Amino acid sequence: MNVTRENLDAVSFRLTVSVTEADYKEKVENELKKLGKTISIPGFRKGHVPMGELKRRFNNQVVSDVINDEVYNKVVDYVKENKINVLGGPVPVDVVELDLKNKSDYDFTYEIGITPEINIALDKDVHFPYYTINVDDDMVAEQDKAMTKRFGAQVPGEEVEPDALVKGSIMELNEDGTIKEGEDAIQVVAGIVAPMYFKSKEEADKFVGKKVGDKVVFNPATASGSDPAELSSMLQIDKEQAANVKSDFEMSISEIIVVKPAEHNEEYFTNLFGPDKVHNEEEYDTAVRQMIAKQLMPNSENMFRQSVYNKYTTEFAELELPVEVLKKWLVRNNEELNAENIDDEMPRMLPDLRWQLIKERIAAILEIKIEEEDINEYARAVAAQQFAQYGMANMGDEFIDRYAKNLLDDKKYRQQIISAVGDNKLFDAIKDKVTLDTQLVSLDEFKEIARKENILATED
C-alpha cells in the first residue's frame, strides 16, 4: 500500500491510501479459508466447503472487510509513526464503492485535523492573584445567629417575628370586609400560617408585630402566589376549590410559635461540631471562623480558576484549529449536528474546545494523573457533604462508602466526578507551579473584584 500526504494548512492534511490487489489478495484467501472451517452451508459438510463456493457466496463482503481493515490500520500506523496528535478523527473525503468485477485497485482519501502545538509557560515567573475573604466579627455574629436558631426550640411567643408560625381561626371575607357565611364559606377553626414562606412580602409584613388576640386581614392567594397546593394546605380545602380562591381572609391569632435560640453549652457545641471538639467561647469563636472561611474558600478558588482561564484563553485566542475538518467529523459523530446547523453551532463550540486543549496541554506538562482512589475519595467527600446538609454530620465510614459507591455506579454522575477530580488536580498543580500573589480582602472588595472578573470573562 502506498500512502501520500497533502497538507491543506498548518493544522490539517489529506492522507490518501492506495490499495492494489496484491495488498489484500492473500489476506482475503486466508479469511475465506477460516470461514470455510466454521460455516455450515446446506449440501456441504462443515469444514469441507469448496473455495469456489466460498468465493461465490462471500468474496465481495470479505474483500470489503479486509480492505477496510487494512486501510484503517495503515492510517493508524501513519499517525503513530509520524507522532501526529489527531484532533477528532480521520474523515473520509468520499465513500468508495467497490466494483470487484471491473476494478481491483482503489484510493481512499481522508482529511485529518492536527492538534495545534501549545507552548505554555508554567513556573514561578508566572503570577496569579489569589484573593482570600477576611472573616470579620459581623460574619461570625450572623453565622452564630443562624446556627443557634437552627438548633433552637419552638416556644410560645409574645408577638409575631419574621420567622414565626401563627395559629388561629381563618375566616373568608365578603368584598365589604364582613365575615362570609353560608355553606360555601371557607372557615378554618385551627389554621396555621408561616409568613416567612409567603411569596408576597407585603402579605407577610401584615403579621409582623401582631400579638395573640389580634386580627389580621390578608389574601392567601397573593401570599401563596396562587399555588393551589399551598392554598389547599393553608385553608384545609381540596386543590380544585383552592384554585378558585381569590378573596381576603381574616385570621384571629390564638397562638404564636417562635424559635428560642440554643444556648452556648456543651450540648450545642456537640450538635454543631461533634464531641470533644469545642469546649468554651474562645474555641467556639475559632471554630465558627474556620467554618466560615471553609465556606468562603470556593469563592477564592473559583476566582483563581477564572484568572487562569482568562489568561490562557486570551493568550491563545488566535490558536489555529482545523475547523473545516472538525465540522465534518462532528457531523459524522454527533446526532444533534448536521450540514444545516454546524456553521451556526461551531463558533459557540470553539471557545470550549480551545480551553479543553489548553487544559490537556497543562495536564500533560504537569503530568496530572487521575487514579481510582482519587475518584473514590471525591465521591466519599460528596456523600459526606450531602449528609451534612441534612444535619447528619457524623455518619460512619461504612455508610459513607456505600453511598459513595452508589454515586459512582451512575455512569453519568461518575463522569461528572472524574471531571471535577481532574479540574481539582489540575488547578492544585498550577498553584504549586506558579507564584500566587495572595491578598486578604473584605467581602465587599471581593465582590467588586469578582464583578470585574466576570466582565473580563464575558468579553473574552
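Buried means under 20% relative accessible area, exposed means over 50%, and partly exposed is in between, with a 1.4 Å probe and protein chains only. Keep that handy for the tour.

This is a predicted model, where local features need pLDDT of at least 70, side-chain atom pairs count only at pLDDT 80 or more, and totals for chains, interfaces and linings use all residues. Residues are numbered from 1 along each chain as its sequence is written, and side-chain values use heavy atoms, with hydrogens and water left out.

**Stop 1: colour by confidence**

Colour by pLDDT, the predictor's confidence in each residue from 0 to 100. The chain average is 91, and 97% of the residues score at least 70. Now select 455–460: the pLDDT is below 50 there, and beyond near neighbours in sequence the stretch has 5 contacts in the model (a contact is heavy atoms within 4.5 Å).

**Stop 2: the sheet at the N terminus**

Helices (H or I, at least four residues) and strands (E, at least two) are DSSP runs numbered from the N terminus, and two strands pair if DSSP finds at least two bridges between them. Show S1, S2, S3 and S4. They make an open sheet of 4 strands in the order S1-S2-S4-S3, with antiparallel pairing. Strands S1 (2–9) and S3 (91–92) stand at the edges with a single partner strand each, so one side of each has no neighbour in the sheet. S1 is joined to S2 (residues 12–19) by 7 bridges; click Val3 and you will find Val17 of S2 opposite.

While you are here, select Arg5 and Phe13. The charged end of Arg5 sits over the ring of Phe13, 4.0 Å from its centre (the test is NZ of Lys or CZ of Arg within 6 Å of the ring centre and within 35 degrees of the ring normal).

**Stop 3: strand S7 and its two partners**

Jump to S7, residues 165–172, which runs antiparallel to S10 (residues 249–260) and is joined to S10 by 8 bridges. S7 also pairs with S8 (residues 187–193), again antiparallel, through 5 bridges. Centre on Ile170: Met251 in S10 stands opposite, and Val188 in S8 stands opposite Ile170 as well.

**Stop 4: aromatic pairs**

Show Phe, Tyr and Trp side chains. Rings (the six-membered one for Trp) pair if their centres lie within 6.5 Å; planes under 30 degrees apart count as stacked, over 60 as edge-to-face and the rest as tilted. How many aromatic pairs does a search of the whole structure find? It finds 14.

Start with Phe207 and Phe218: the centres are 5.2 Å apart and the planes at 70°, so this pair is edge-to-face. Phe207 is in the loop between helix H4 (201–205) and strand S9 (215–218), while Phe218 is in S9, so the pair ties together parts 11 residues apart in sequence. Phe207 is buried at 0% relative accessibility, and Phe218 also has a relative accessible area of 0%.

Next, select Phe304 and Phe427, an edge-to-face pair at 6.3 Å centre to centre with 80° between the planes. Phe304 belongs to helix H9 (residues 281–315) and Phe427 to helix H14 (residues 411–433), so this pair ties together parts 123 residues apart in sequence. Both Phe304 and Phe427 are buried.

**Stop 5: the largest nonpolar core**

Keep Tyr312 on screen. Not counting residues up to four places away in sequence, Tyr312 touches Ile120, Ala121, Leu122, Val126, Phe128, Trp355, Ile358 and Ile362. A nonpolar core is a set of buried Ala, Val, Leu, Ile, Met, Phe, Trp, Tyr and Cys residues joined through side-chain atoms within 4.5 Å. The largest one has 29 residues, and those with the most contacts inside it are Ile120, Val308, Tyr312, Ile358, Ile362 and Ile430. Strand S5 (127–133), H9, helix H10 (323–333), helix H11 (342–365) and H14 give two or more residues each to this core. H11 gives the most, with 7 residues.

**Stop 6: two positive phi values**

Most residues other than glycine have a negative phi. Select Ser226, in the loop between helix H5 (220–223) and helix H6 (228–235): phi is near 60°. Ser226 is partly exposed at 42%. Gln236, in the loop between H6 and helix H7 (239–242), has phi near 55° and is exposed at 52% relative accessibility.

**Last stop: Lys412**

Lys412 is in helix H14 and is exposed at 65% relative accessibility.
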